[in-house]
Amino acid sequence: MWYISTRGMAPRVDFEGALFSGYASDGGLFMPEELPQLDRETLCQWSTLSYPGLVKELCALFIGSELIPKGDLNDLIDRAFSRFRHREVVHLSRLRNGLNVLELWHGVTYAFKDLSLSCTAQFLQYFLEKKEKHVTVVVGTSGDTGSAAIESVQGAKNVDIIVLLPKGHCTKIQELQMTTVLKENVHVFVVEGNSDELDEPIKAVFADTVFVKKHNLMSLNSINWSRILVQMAHHFFAYFQCAPSLDTHPLPLVEVVVPTGAAGNLAAGYIAQKIGLPIRLVVAVNRNDIIHRTVRQGDFSLSEAVKSTLASAMDIQVPYNMERVFWLLSGSDSQVTRALMEQFERTQSLNLPKELHSKQERQECEQMAVMECDGCCVELGPGNCGPRRGSMTGIPRTARGRVGG
């Protein structure tokens with residue numbers, strides 16, 4: 001499978017090229033040149049698979065056996081999930097009244113990003129060992145990405161990782177997870193500013209293709225296609241666990257609430273829709289509500305300042321994966337997407353064209369909605385939980401997500 005930039009000015013690459021690139025050379029994000037379409041028979045076959053089994057099928061579909069043979073791919077994914085605490089890796093808790101919680105926190109750092117980053121790190125090691133290469137990973141974080149990225153590559157002989165974390169904008173636990181790792185290949189720096197502000201120099205570095213090539217730089221933020229690919233499995237697993245039956249015509253619709261900051265999980269869910277998964281996405285944001293304003297009003301513009309909330313990993317004003325969503329909404333029109341994103345980068349303000357926003361409105365009415373949350377922690381106590389859970393306490397980010405059948 002080939003991958004192209006959302007801005008259409010970079011050479012197309014295979015999965016390995018997308019994995020090691022992060023941003024495309026034109027500043028865009030990599031997307032599959034063509035999206036496969038899954039028929040009912042395939043969905044029925046996949047419905048009995050475990051979470052790791054779904055990851056294997058999706059990765060085989062989007063990577064290709066010419067790059068990673070199926071047996072090697074399965075071994076890499078098994079190795080990636082070997083340290084997860086739950087035997088299912090991902091577990092669905094059934095509460096009451098059709099409310100379900102997808103437990104994505106059973107990895108080493110307790111962040112859902114452990115899932116995609118553990119696989120991505122295995123893919124990296126596979127290609128690096130074959131070619132005897134070394135890379136330096138550069139990561140900007142608002143919390144959970146940094147610790148999960150460090151965990152995925154710490155101690156690796158052919159990877160160095162540089163993590164930039166914004167001073168005062170991460171939780172204490174996440175800061176300690178990052179700053180107490182004593183491995184020679186891990187380098188953590190505290191920087192002034194918020195996570196959006198530290199993304200700007202990182203993007204500028206990756207725009208210098210000569211410098212990037214000279215120092216073998218790459219990113220493990222969700223600009224990296226591999227992250228999006230693995231996260232698609234969250235939506236498939238949730239659907240198959242919640243759908244009452246796959247014998248009906250049409251297939252039943254399942255509503256998935258997606259808490260989002262940089263919109264990586266949203267982009268993964270939207271791609272899952274595009275290839276045939278019948279889900280309705282509800283996007284949950286906190287007071288940093290640029291996605292809320294984009295869906296409701298077509299207003300993709302920065303607020304005056306990032307607002308601090310208890311869900312610090314979601315305190316983001318520049319959800320860069322919305323570029324992938326715009327590209328899909330525009331019918332894979334790279335020229336339109338490039339013009340939109342260049343205007344946003346130049347002015348920090350963008351009103352979506354009426355035609356594009358009307359497509360978004362139709363999509364929102366049929367399959368996507370958006371909700372705003374105030375950033376407060378939610379506790380699910382014995383009175384409103386089902387028989388499989390006596391009680392459940394949600395941390396600020398996970399408290400926003402739910403799956404409904």
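Guide: Ala, Val, Leu, Ile, Met, Phe, Trp, Tyr, Cys and Pro count as nonpolar, Asp, Glu, Lys and Arg as charged, and the others, Gly among them, as polar. This is a predicted model: local features need pLDDT of at least 70 and side-chain atom pairs pLDDT 80 or more, while totals for chains, interfaces and linings use all residues. Residues are numbered from 1 along each chain as its sequence is written, and side-chain values use heavy atoms, without hydrogens or water.

Visitor: How do the residues lining the second largest pocket divide?

Guide: A pocket is an open set of points on a 1 Å grid over the protein atoms alone, where a 1.4 Å probe fits, with protein on both sides within 12 Å along at least five of seven lines; lining residues have an atom within 4 Å of a point. Here 21 residues line it, with Gly17, Phe20, Ser21, Val212 and Lys213 nearest its centre. By class they are twelve nonpolar, five polar and four charged.

Visitor: Which element gives the most to that lining?

Guide: Elements are DSSP runs numbered from the N terminus: helices (H or I, at least four residues) and strands (E, at least two). Two or more lining residues come from each of α1 (15–21), α9 (209–215) and β8 (217–219). With four residues, the top contributor is α1.

Visitor: Is threonine 120 buried or exposed?

Guide: Threonine 120 sits in helix α5 (residues 113–131). Beyond its neighbours within four places in sequence, threonine 120 has contacts (heavy atoms within 4.5 Å) with Leu19, Leu220, Ser226 and Arg227. Its relative accessible area is 0%, and buried means under 20%, exposed over 50% and partly exposed in between (1.4 Å probe, protein chains only), so threonine 120 is buried.
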